[in-house]
Amino acid sequence: MTLSPPADESRRPAWEQSYENKQNFVFYPDEEMVRFISKHLRKRTGFDSFDDKQPDAQGMRMLDVGCGIGRHMAMALDFGFTPYGFDLSQTAVQTARDWLRSRGVSDADQRAHQADIRALPFDDGFFGFAVSHGVLDSMPFAIAREGIGEVARVLRPQGLFYCDLIGGGDHEEVIETHHEKDTLQSFFTSQKIDELVSHHFAVLDRIRVDRTDTQTGHVHSRWHLTLQKR
């Protein structure tokens with residue numbers, strides 16, 4: 001496979017620094033991701049009971065696209081899934097492996113990988129579903145569009161993919177503040193989302209959540225998508 005210019009690799013030192021500084025050490029799952037799982041895969045109904053939305057939900061293999069330190073892989077264990085993940089940052093991946101080991105996963109080195117989103121180390125159709133939080137909007141659009149094709153490749157037919165994207169425009173900018181300094185932020189409109197996903201996925205849910213700081217008037221907008229492989 002021939003990759004386009006390695007713009008994401010040029011940002012890798014910035015991501016390594018961010019994780020080394022523990023800026024991205026987040027330990028609790030994203031609420032919207034829990035909603036996605038509860039609606040489409042398994043809803044937890046008790047300490048050890050679930051309402052399965054798909055007949056083979058228990059044990060289903062999940063891919064965390066840009067897994068960070070592994071918070072959503074740990075969450076997947078609580079739902080009875082079999083989690084795998086990858087990240088551009090080796091620091092993040094090593095931490096995710098340590099977290100999985102602490103949860104009793106003996107093959108953690110085979111579950112969390114350092115990888116480029118455009119060349120994933122998994123077989124075609126290996127995963128039942130995939131999730132991604134704050135990842136596809138943290139790279140150039142051209143790379144995200146290649147990467148989403150790879151995500152589709154490793155999903156089974158009709159497999160589901162949850163992801164979220166920052167709204168508020170369709171531009172790209174380099175982060176200059178201390179948090180995630182020198183990384184890239186790509187903003188999305190509804191039209192840009194279609195350009196990103198339409199070749200490989202149908203959109204089942206497209207929800208935009210706007211969070212307003214009433215003191216400053218600043219609005220933080222985020223898209224939450226449920227996609228199904230075509």
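In what order do the seven strands of the open sheet lie? In this predicted model, the order is β5-β4-β3-β6-β7-β11-β10, and the pairing is mixed. The edge strands are β5, residues 112-114, and β10, residues 201-212. Each of these pairs on one side only. Neighbouring strands of the sheet are turned against each other by 15 degrees on average, direction ignored.

Strand β6 (residues 127-132) and strand β7 (residues 155-166) run parallel. Five bridges join them. F129 has L160, in β7, as its bridge partner. Helix α7, residues 190-197, packs on the sheet.

T212 is partnered in β11 by V219.

H224 is found in β11. Its relative accessibility is 8%, below the 20% cut-off, so H224 counts as buried. The side chains of H224 and Y162 are joined by a polar contact of 2.8 Å. Leaving aside residues up to four places away in sequence, H224 touches E32, Y162, C163, D164, D205, R206, I207 and V209.

Q158 lies in β7. This residue is partly exposed, with a relative accessible area of 46%. With residues up to four places away in sequence again left out, Q158 touches Q228, K229 and R230. E176 is 18 residues from Q158 in sequence. In space the two are 40 Å apart, C-alpha to C-alpha.

Helix α4 comprises 13 residues, 90-102. At 1.5 Å a residue α4 should span 18 Å, and its end C-alpha atoms are 18 Å apart, which agrees. The buried residues of α4 are A92, V93, A96, R97, W99 and L100. Seen down the helix axis, they fall within an arc of 160 degrees, so they line one face of α4. The pattern fits helical geometry in general. An α-helix has 3.6 residues a turn, so residues three or four places apart point the same way.

Both ends of α4 carry local features. At its start, a side-chain oxygen of S89 reaches to within 3.3 Å of the backbone nitrogen of T91. Just after the helix, G104 takes a positive phi of about 90 degrees.

Helix α6 has 14 residues, 141-154. From its first C-alpha to its last, α6 reaches 20 Å. This is close to the 20 Å expected at 1.5 Å a residue. The helix is mostly covered, with 10 of its 14 residues buried. The buried residues of α6 are F141, I143, A144, G147, I148, G149, E150, V151, A152 and V154.

Methods. Residues are numbered from 1 along each chain as its sequence is written. This is a predicted model: local features need pLDDT of at least 70, side-chain atom pairs count only at pLDDT 80 or more; totals for chains, interfaces and linings use all residues. Side-chain values use heavy atoms; hydrogens and water are left out. Two strands pair if DSSP finds at least two bridges between them. Helices (H or I, at least four residues) and strands (E, at least two) are DSSP runs, numbered from the N terminus. Axes are lines fitted to C-alpha atoms, for helices over the stretch in contact, and angles run from 0 to 180 degrees between N-to-C directions. Contact means heavy atoms within 4.5 Å. The expected span of a helix is 1.5 Å times one less than its number of residues. Buried means under 20% relative accessible area, exposed over 50%, partly exposed in between (1.4 Å probe, protein chains only). The arc is that of the directions from the helix axis to the C-beta atoms. A polar contact is a pair of N or O atoms within 3.5 Å; within protein, one must be able to donate a hydrogen and the other to accept it, and residues adjacent in sequence count only if both atoms are side-chain atoms.
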